[in-house]
Amino acid sequence: MTKTGRLFPYLIICLLNLIVYLPSFSGDFILDDLPLIKNNTYIREWHSIGSYLFQEDGYNSEVGHTGYYRPLVNLSYTMDYKIWGLIGPGFRVTNLMLHLFACFALFIFYEQIFTKRDIALWLALIFSLHPIATETVSWVASRNNILVTLF
């Protein structure tokens, strides 16, 4: 199989997802994005790994306790903040990239099970473009769903 043939499914997944999720890049932070990201002073500085493991997600003195414990999410928000600042569409770019990695992993998994690339591609596309995935890509605070899928 040629190199182009090997990359074709990944290119199709990327292209279709980019087309579908492109409109979400025009929006700012919404709903839970506000207390968990925009108003979360914790994500603005690097902390020790131990701190991320014990920090409540989105907690600050103004908001109080959120009831969320998701250490990888806080760490990913911190990395995003260092790259994008408080630009909502930048955080969504990260969500889309994580979603694409999950789709690629699922494609590889399906390819191993079914041994036919076309079946694996269709199944990965159904997963990646299904309307239920819209929340996890477009709503930054739902990043935990993407991370759970990856791990």
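**Entry 1: the largest pocket**

I looked up which element gives the largest share of the lining of the largest pocket, and found helix 4, with seven residues. Helices (H or I, at least four residues) are DSSP runs numbered from the N terminus. I note that this is a predicted model, in which local features need pLDDT of at least 70 and side-chain atom pairs count only at pLDDT 80 or more, while totals for chains, interfaces and linings use all residues. Residues are numbered from 1 along each chain as its sequence is written, and side-chain values use heavy atoms, with hydrogens and water left out.

I recorded about 150 Å³ of space in the largest pocket. On a 1 Å grid over the protein atoms alone, a pocket is an open set of points where a 1.4 Å probe fits, with protein on both sides within 12 Å along at least five of seven lines; lining residues have an atom within 4 Å of a point. The volume is the space filled by probe spheres set on the points, which are joined across faces, edges and corners.

Among the lining residues I listed Leu72, Met79, Asp80, Trp84, Leu98 and Arg143. Helix 4, helix 5 and helix 8 are the elements that give two or more residues to this lining.

**Entry 2: helix 4**

I then followed helix 4, residues 71-84. Its 14 residues reach 20 Å from first C-alpha to last, close to the 20 Å expected (1.5 Å times one less than the number of residues). I found Pro71, Val73, Asn74, Ser76, Tyr77, Thr78 and Asp80 buried in this helix (under 20% relative accessible area, 1.4 Å probe, protein chains only). The buried residues of helix 4 pack against helix 2 (33-38), helix 3 (49-54), helix 5 (88-114) and helix 8 (143-150). Just after helix 4, Gly85 takes a positive phi of about 70 degrees.

**Entry 3: salt bridges**

I counted three salt bridges (a side-chain nitrogen of Lys or Arg within 4 Å of a carboxyl oxygen of Asp or Glu).

Arg143 and Asp80 meet in one of them, at 2.5 Å from N to O. This pair links Arg143 in helix 8 with Asp80 in helix 4, 63 residues apart. I found Arg143 buried at 0% relative accessible area and Asp80 buried at 3%.

Asp28 forms a salt bridge with Lys38, the closest N and O atoms being 3.7 Å apart. Asp28 lies in the loop between helix 1 (3-21) and helix 2, and Lys38 in helix 2, so the pair ties together parts ten residues apart in sequence.

I noted lastly that Arg117 forms a salt bridge with Glu111 at 3.3 Å between the closest N and O atoms, and that Glu111 is buried at 18% relative accessibility.

Conventions. Buried < 20%, exposed > 50% of the residue type's maximum accessible area, 1.4 Å probe, protein only. Contact = heavy atoms within 4.5 Å.
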